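Here's a quick briefing to read with the model open beside you.

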Amino acid sequence: MPITLSQLIPANNANVGYALAKELALQTVAQFGAVRSTGTGIAEASCCAAVAINPNPVTHFQAANPINGGAALPYSIAYGNSRIAASGLDTGNLGGHAERCALTAAAGEMLYLLPGSNHAVLFVELTPCGACQTWLNGGGGGVANPFNGIFNGAGIVTLNVWWRWAYPDDGGLAAMKTFHSWTTLTQQNDINVNW
Ligand SMILES: [Zn+2]
């Protein structure tokens with residue numbers, strides 16, 4: 001699946017999916033902030049990801065409620081974490097790569113497309129590694145990207161990948177760990193104001 005890569009910063013607010021990516025970032029803070037550093041295996045260095053998918057009550061992917069309040073969103077969310085693989089906590093094939101985990105968790109669902117477009121949106125805290133960029137594009141080993149080659153009426157679907165901190169260089173991991181050390185509310189306020 002073709003991808004775009006954008007850092008989630010205000011300077012990129014004209015790139016496809018910015019507002020949705022910010023909401024996904026807020027949601028990952030709520031999802032993983034509830035369990036971080038409580039002995040679940042998810043701690044401050046664990047990278048989080050989320051991808052917007054179509055709501056599907058049959059498989060319990062309900063429409064998400066916006067973190068900042070308001071009506072239910074038109075999409076549901078599948079989450080990923082670098083400490084989780086398809087079958088649980090794992091540092092194996094799909095472990096260590098939060099974006100792969102999110103997309104694998106959404107296998108069998110439909111990616112949510114921005115209205116009138118063929119653009120899907122994924123948020124991941126750290127820049128996808130080289131192997132993951134290959135995997136997102138349909139290559140690499142292991143369990144394949146379940147969304148390779150999907151089309152809709154507007155053509156092949158592009159996955160717009162938004163990341164916040166550069167990895168492994170430029171202090172991104174340290175910045176993420178500092179962010180995760182804050183309270184959930186402080187993290188969300190930071191996203192609202194500074195991302
Ligand atoms: Zn990776």
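Predicted model: local features only at pLDDT ≥ 70, side-chain atom pairs only at ≥ 80, totals over all residues.

Residue numbers start from 1 along each chain as its sequence is written.

**Overall fold**
- The protein has five helices and nine strands, which are DSSP runs numbered from the N terminus (helices are H or I, at least four residues; strands are E, at least two).
- Reading from the N terminus, you get β-α-β-β-β-β-α-β-α-β-β-β-α-α.
- With a radius of gyration of 15 Å, close to the 16 Å that the globule rule gives for 195 residues, the protein is as compact as a globular protein of that length; the radius is taken over C-alpha atoms, and the rule is 2.2 Å times the number of residues to the power 0.38.
- Contacts here mean C-beta atoms, placed from the backbone, within 7 Å; among those between residues at least 6 apart in sequence, 69% join residues at least 24 apart.

- Five strands make an open sheet of mixed pairing, in the order 1-9-6-2-3, where pairing takes at least two DSSP bridges between two strands.
- Strand 1 (3-7) and strand 3 sit at the edges, each pairing on one side only.

**Helix 1**
- Helix 1 (residues 18-33) has 16 residues and reaches 22 Å from its first C-alpha to its last, close to the 22 Å expected, the expected span being 1.5 Å times one less than the number of residues.
- Its buried residues include Leu 20, Leu 24, Val 29 and Phe 32 (buried means 20 or more other C-beta atoms, placed from the backbone, within 10 Å of the residue's own).
- Among the elements covering those buried residues are strand 2 (48-53), strand 3 (76-81) and helix 5 (184-194).

**The core**
- The largest nonpolar core has 48 residues, and Ala 49, Val 51, Ala 52, Ala 102, Leu 122 and Phe 123 touch the most other members; such a core is a set of buried Ala, Val, Leu, Ile, Met, Phe, Trp, Tyr and Cys residues joined through C-beta atoms within 7 Å.
- Helix 1 gives the most to this core, seven residues.
- Leaving aside neighbours within four places in sequence, Ala 102 contacts residues including Ala 49, Val 51, Tyr 79 and Leu 122.

Note on methods:
Contact = placed C-beta atoms within 7 Å. Buried ≥ 20, exposed ≤ 12 C-beta atoms within 10 Å, placed from the backbone.
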